[in-house]
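Subject: Structure handover

Hello,

Here is the structure for your files. My notes on what turned up follow below it.

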Amino acid sequence: MALTLYVDTARWRAHQQTVIQQFPGIVPVCKGNGYGFGHERLAEEAARFGSDVLAVGTTYEAARMKDFFSGDLLVLTPFRRGEEPVPLPDRVIRSVSSVDGVYGLVNARVVIEVMSSMKRHGVTEEDLPKLHAAIENVRLEGFAIHLPLDRTDGLDAVEEVIAWMDRLRAARLPLHTMFVSHLKAEELARLQQQFPQTRFRARIGTRLWLGDHDSTEYRGSVLDVTRVSKGDRFGYRQQKAASDGHLVVVAGGTSHGVGLEAPKALHGVMPRAKGVARAGLATVNRNLSPFVWAGKQRWFAEPPHMQVSILFVPGDVQAPQVGDELVAHLRHTTTQFDRLFDR
């Protein structure tokens with residue numbers, strides 16, 4: 001009995017091809033938990049469609065991925081002096097976001113990140129004159145810019161990239177390759193048309209692996225079903241059942257990521273109102289689970305356990321049977337499956 005990720009492989013790969021065709025020279029990203037598929041599986045997929053480079057999050061991920069992917073590995077987390085040294089092959093490319101970082105990577109292959117409106121990390125315009133001497137002792141693979149997902153001020157993403165291209169050109173720095181993130185296909189085409197001598201390479205993870213939601217589905221196996229009457233005590237905390245119904249034990253708990261959710265940025269009155277309502281229900285131990293039965297997401301009977309969750313199915317709904325599978329609406333980037341099944 002397991003929490004299973006089902007993949008419609010043909011459909012999933014067809015979506016990959018759609019994205020690849022829209023973004024020539026794409027750099028697939030495989031970081032974190034491998035977008036829910038695992039590092040090894042995504043490395044296999046990237047190799048299958050012929051990618052020459054795979055982006056990973058950290059040096060530790062690169063150390064693991066070097067055995068799964070034979071091409072270049074681009075580490076997205078910027079180098080910092082004093083970081084723990086991790087043995088890596090020469091085909092690993094390091095991101096750098098400071099002049100000092102460039103000086104610290106003598107003879108290494110590097111991509112220099114520029115400071116975007118994200119304001120996360122990157123070299124500034126004032127740093128550019130200092131880069132001339134710094135890049136003499138490294139193998140510069142190109143520059144990179146990481147753009148925000150939302151642009152509430154109306155600033156055009158292409159214009160932001162163009163502004164940086166102009167700064168780099170004015171500083172007489174090499175512009176043979178520019179790595180970009182969070183651009184649309186038409187935006188990338190505009191840049192390529194305006195700067196034909198520069199190769200633009202889009203670093204893409206979510207859109208590539210998770211862009212077709214209907215190609216994947218999580219399901220948890222039902223392990224036990226127990227009838228309870230109103231007032232019966234159950235679970236770790238011996239709460240009382242609020243009404244007659246069934247306790248349904250389903251595979252999938254906190255070790256899988258069930259019950260764990262990344263914070264969300266809420267925009268507008270309605271999403272905020274829903275957030276307040278959910279918080280209010282949580283104060284009285286009413287938390288909606290990601291598991292669906294009979295067309296509805298069912299409530300947790302109590303907080304999820306390490307490897308299973310206990311759901312409450314009211315008495316007026318036919319209960320599932322042991323061995324049934326319940327669809328689970330889970331976030332790929334925070335979920336660990338027991339098994340992956342291609343279909």
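A term to start with: two strands pair if DSSP finds at least two bridges between them. Helices (H or I, at least four residues) and strands (E, at least two) are DSSP runs, numbered from the N terminus. This is a predicted model, in which local features need pLDDT of at least 70 and side-chain atom pairs count only at pLDDT 80 or more, while totals for chains, interfaces and linings use all residues. Residues are numbered from 1 along each chain as its sequence is written, and side-chain values use heavy atoms, with hydrogens and water left out.

The sheet

Strand S7 (residues 139-146) and S8 run parallel, joined by four bridges. Ala144 has Phe179 in S8 as its bridge partner. Both strands belong to an open sheet of eight, ordered S2-S9-S8-S7-S6-S5-S4-S3, with parallel pairing. Its edges are strand S2 (27-28) and strand S3 (53-56), each of which pairs on one side only. Helix H7 packs on the sheet and touches S8 and S9. The direction of H7 makes about 160 degrees with that of S9. For that angle, axes are lines fitted to C-alpha atoms, for helices over the stretch in contact, and angles run from 0 to 180 degrees between N-to-C directions.

Helix H7

Which residues of helix H7 (residues 185-194) are buried? They are Ala185, Glu187, Leu188 and Leu191. Buried means under 20% relative accessible area, exposed over 50%, and partly exposed in between (1.4 Å probe, protein chains only). Seen down the axis of H7, its buried residues fall within an arc of 160 degrees, so they line one face of the helix. The arc is that of the directions from the helix axis to the C-beta atoms. The cover over the buried residues of H7 includes H1, helix H6 (157-170), strand S8 (177-181), strand S9 (199-204) and H8.

Rings

Rings of Phe, Tyr and Trp (its six-membered ring) pair if their centres lie within 6.5 Å; planes under 30 degrees apart count as stacked, over 60 as edge-to-face and the rest as tilted. By this rule there are five aromatic pairs. One of them, Trp12 with Trp209, is tilted, at 6.1 Å centre to centre and 45 degrees between the planes. Trp12 lies in helix H1 (residues 9-22) and Trp209 in helix H8 (residues 206-210), so this pair ties together parts that are 197 residues apart in sequence. Both Trp12 and Trp209 are buried. Ring pairs link Trp12, Phe37, Phe49 and Trp209 into a cluster.

The charged end of Arg167 is 4.8 Å from the ring centre of Trp164. Arg219 lies over the face of Tyr6, at 4.8 Å from the ring centre.

Two single residues

Leu149 is in the loop between S7 and H6. Its relative accessibility is 69%, so Leu149 counts as exposed.

Ser221 is in strand S10 (residues 216-228). Ser221 is buried, at 6% relative accessible area. Neighbours within four places in sequence aside, Ser221 is in contact (heavy atoms within 4.5 Å) with Met1, Ala2, Val249, Val250, Ala251, Asp324 and Glu325.

Whole chain

The protein chain has nine helices and 18 strands. Of its 343 residues, 48% are buried.

Best wishes

Notes. A charge sits over a ring if NZ of Lys or CZ of Arg is within 6 Å of the ring centre and within 35 degrees of the ring normal.
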